[in-house]
Amino acid sequence: MLPLPALCYFFKYLCCCFHAFFLLQLCFDLIEKWTSENLRDWVMGREVGDLSISGIATYQPSDGTMKLKMAMAGFMSRVIGRDVSYEPSQMVLTAGVTSAIETLCFCLADHGNAFLVPTPYYPSFDRDMKWRTGVELIPVHCRSKDNFVLSISALDQAFNQTRKRETKIRGILLSNPANPVGNLLSRKMLEALLKFAEEKNIHIVSDEIFAGSIYGEKEFVSIAEVVGSEDFDKNRVHIVYGLSKDLFLPGVRVGMIYSFNENVLAAARKLTRFSSVSAPTQRLLVSMLSDTRFIVEYIQTNKKRIRDMRDLFVAGLEELGIKCTDSRSSLYCWADMRNLIPTYGEKGELELWEKLLNVGKINLTPGSACHCIEPGWFRCCFTTLDKDDVRVVMERIRKVVGSRTSCG
């Protein structure tokens, strides 16, 4: 077995790679069908004036064309619902949400400044936000007894402890819906967070990339809706969104910053020169997102398929004695394997992870990669599978941990 520090680096690298390349398959058939039926319109353009190579071969605005911004605004309103509308002029388009988050870090913080991030959080935030900007991420630990829901008291404690180190805190990074847990922030909590940000004079960055992947009874509330309906300081609120999850297009590399702060928007527009979306990609997405019938059908089908696969996968884990948190959003389940790790701690968690990987040929994301304070939790991505795959996965898990589940 590798030494613990080397193993930690190795599994974080593996988790990022698998996340990037094998995340989404459930609705790829719908995308393929639409593309094959609309290929000519995509290349040539539907409008008479677009029947020219100049529409995709010439320079376009580095922060995105207004046509795509308008199409994105309509798509987001349809995804989120609840009469939430978006102003295209407040959008900055980037080459993926990774670029969007990094751009916001450059706009809001200096090297050595910090952001508070509720845990467990998406492992690649450590890469996306820190590597080039030099900012620090401060974990705000949430616990299983609270279903890993953030509390203001935990946030305040992390804020005060960080300030004692004389580290300047520039903002809070939220993942709503949460990755990896899949829970949602309530309107009441969003209001409390906005008040907290005003009191502490910091910003809020809300990553809402899973906003359209809600499949339970609980409704998703965007921070855009809350800040627009109450008397809060909008200049502190910045939203990131993209099409890699809700539209299953990670390779297209389209992300978005939505901000109410004109200074942030101006700075972000300049930085998009280094992360702009290609003109052919923008034309494709304008056609796709403007096809209302396709988008409505896609959203409905996508939610049903995610829900069905999630229920099937969780039921399989429960037959093995493995329970998951109660979640009805995103593309993962957050599985409790605390009774399966050989020793309580990160070392025991990584031993189980290595056995699942090398013996079972299954790559789950260990909770320690997500900065989870409780060893033994794992993120399982079920949207890479079909129904037959689920049976195979469960049998492999059974072979690896069956003796422990039968004893537990």
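Two strands are taken to pair if DSSP finds at least two bridges between them, where strands (E, at least two residues) and helices (H or I, at least four) are DSSP runs numbered from the N terminus. On that basis β4 and β5 pair in the parallel sense over five bridges. This is a predicted model, in which local features need pLDDT of at least 70 and side-chain atom pairs count only at pLDDT 80 or more, while totals for chains, interfaces and linings use all residues. Residues are numbered from 1 along each chain as its sequence is written, and side-chain values use heavy atoms, with hydrogens and water left out.

**Overall content**

- The protein has 15 helices and eleven strands, and of its 408 residues 57% count as buried, a class that means under 20% relative accessible area, with exposed meaning over 50% and partly exposed lying in between (1.4 Å probe, protein chains only).
- Among contacts (heavy atoms within 4.5 Å) between residues at least 6 apart in sequence, 76% join residues at least 24 apart.

**The seven-stranded sheet**

- Seven strands form an open sheet with mixed pairing, in the order β1-β7-β6-β5-β4-β2-β3.
- Its edge strands, each pairing on one side only, are β1 (91–94) and β3 (136–140).
- From one strand to the next the twist averages 25 degrees, where axes are lines fitted to C-alpha atoms, for helices over the stretch in contact, and angles run from 0 to 180 degrees between N-to-C directions.
- Strand β1 runs antiparallel to β7 (residues 255–259), to which four bridges join it, and Val92 stands opposite Ile257 in β7.
- Helix α5 (residues 66–80) packs on the sheet and touches β1, β6 (237–242) and β7, with a direction that makes about 100 degrees with that of β1.
- Helix α8 (residues 152–164) also packs on the sheet, where it touches β2 (114–118), β3 and β4 (169–175), and its direction makes about 140 degrees with that of β3.

**Strand β5**

- Five of the five residues of β5 (residues 203–207) are buried, so this strand is largely enclosed by the rest of the structure.
- In a regular strand the side chains alternate between the two faces of the sheet.
- In β5, His203, Val205 and Asp207 point one way and Ile204 and Ser206 the other way, and all are buried.

**Helix α11**

- The buried residues of α11 (residues 262–271) are Val264, Leu265 and Ala268.
- Seen down the axis of α11, these buried residues fall within an arc of 100 degrees, so they line one face of the helix; the arc is that of the directions from the helix axis to the C-beta atoms.
- An α-helix has 3.6 residues a turn, so residues three or four places apart point the same way.
- Asn263 and Lys270, on the other side of α11, are exposed.
- What covers the buried residues of α11 includes β1, α6 (97–108), β6 and β7.
- The N-terminal end of α11 is capped by Asn261, a side-chain oxygen of which lies 3.0 Å from the backbone nitrogen of Asn263; a polar contact is a pair of N or O atoms within 3.5 Å, of which, within protein, one must be able to donate a hydrogen and the other to accept it, and residues adjacent in sequence count only if both atoms are side-chain atoms.

**Cysteines**

- The structure holds zero disulfides, a disulfide being a pair of cysteine sulfur atoms within 2.5 Å.
- Cys142 is in no disulfide, and the nearest cysteine sulfur, that of Cys372, is 9.4 Å away.
- Cys142 is buried, with a relative accessible area of 3%, and Cys370 is buried, with a relative accessible area of 0%.

**Backbone geometry worth checking**

- Most residues other than glycine have a negative phi, and most peptide bonds are trans.
- The peptide bond from Asn176 to Pro177 is cis, with omega near 0 degrees, and Pro177 is found in the loop between β4 and α9 (187–200).
- The peptide bond from Asn179 to Pro180 is cis as well, with omega near 25 degrees, and Pro180 is found in the loop between β4 and α9.
- Phe148, although not a glycine, has a positive phi of about 60 degrees; Phe148 is found in the loop between β3 and α8 and is buried, with a relative accessible area of 4%.
- Arg253, although not a glycine, has a positive phi of about 60 degrees; Arg253 is found in the loop between β6 and β7 and counts as partly exposed at 36% relative accessibility.
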